Amino acid sequence: MTTWNVPDMSCAHCSAKIEAALTEADATAFLDFDMAGRKVDVDSTLSEAEQATLLSQAGFPATPRKQG
């Protein structure tokens, strides 16, 4: 699982675009959104690099959140 900081995510429309972009590439992906924290947890078979590319292409550049 990767947690992404998504500073431009602010509403349900944003999360819907993110979910659509990732689940189109991986139908089994699970996403858990924290709108207030502007972060999303993604459990997917896609690599972190693939996820980052899809997030950027959807208009939501993101950085992985460091754990620990």
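Author: Let's start with a definition. A disulfide is a pair of cysteine sulfur atoms within 2.5 Å. One more thing: this is a predicted model.

Reader: OK. How many disulfides does that rule give?
Author: The count is 0.

Reader: Next topic. Where does S15 lie?
Author: S15 is in helix 1, which covers residues 12-25. At 13% relative accessible area, S15 is buried.

Reader: What does S15 touch?
Author: Setting aside residues up to four places away in sequence, S15 touches M9, F33 and M35.

Reader: Let's zoom out. How many helices and strands are in the protein chain?
Author: There are 2 helices and 4 strands. Along the sequence, the pattern reads β-α-β-β-α-β.

Reader: Where is L46 in all that?
Author: L46 sits in the loop between strand 3 (39-43) and helix 2 (48-57).

Reader: A loop, then. Is L46 buried or exposed?
Author: L46 counts as buried, because its relative accessibility is 14%.

Reader: Which residues is L46 in contact with?
Author: Leaving out neighbours within four places in sequence, L46 contacts L22, A25, D26, Q51 and L54. Take L22: L46 and L22 are 24 residues apart in sequence. In space, their C-alpha atoms are 8.7 Å apart.

Reader: What share of contacts join residues at least 24 apart?
Author: It is 63%, among contacts in the protein chain between residues at least 6 apart in sequence.

Reader: How does the radius of gyration fit a compact globule?
Author: The protein chain has 10 Å. A compact globule with 68 residues would be near 11 Å, so the value agrees. The C-alpha atoms fill a box of roughly 30 × 25 × 20 Å along the principal axes.

Reader: How much of the protein chain is buried?
Author: Buried residues make up 32% of the 68 residues. The protein chain exposes about 4000 Å², and carbon and sulfur atoms supply 50% of that area.

Reader: Last one. What about the charges?
Author: The protein chain has 5 positive and 10 negative charges. Their mean positions are 10 Å apart.

Note on methods
Residues numbered from 1 in each chain as written. Predicted model: local features only at pLDDT ≥ 70, side-chain atom pairs only at ≥ 80, totals over all residues. Heavy atoms only, no water. Buried < 20%, exposed > 50% of the residue type's maximum accessible area, 1.4 Å probe, protein only. Contact = heavy atoms within 4.5 Å. Rg over C-alpha atoms; globule rule 2.2 N^0.38 Å. Areas by Shrake-Rupley, 256 points an atom, 1.4 Å probe, with all protein chains shown as cover. Lys, Arg positive; Asp, Glu negative; His and termini not counted. Charge placed at Lys NZ, Arg CZ, Asp CG, Glu CD.
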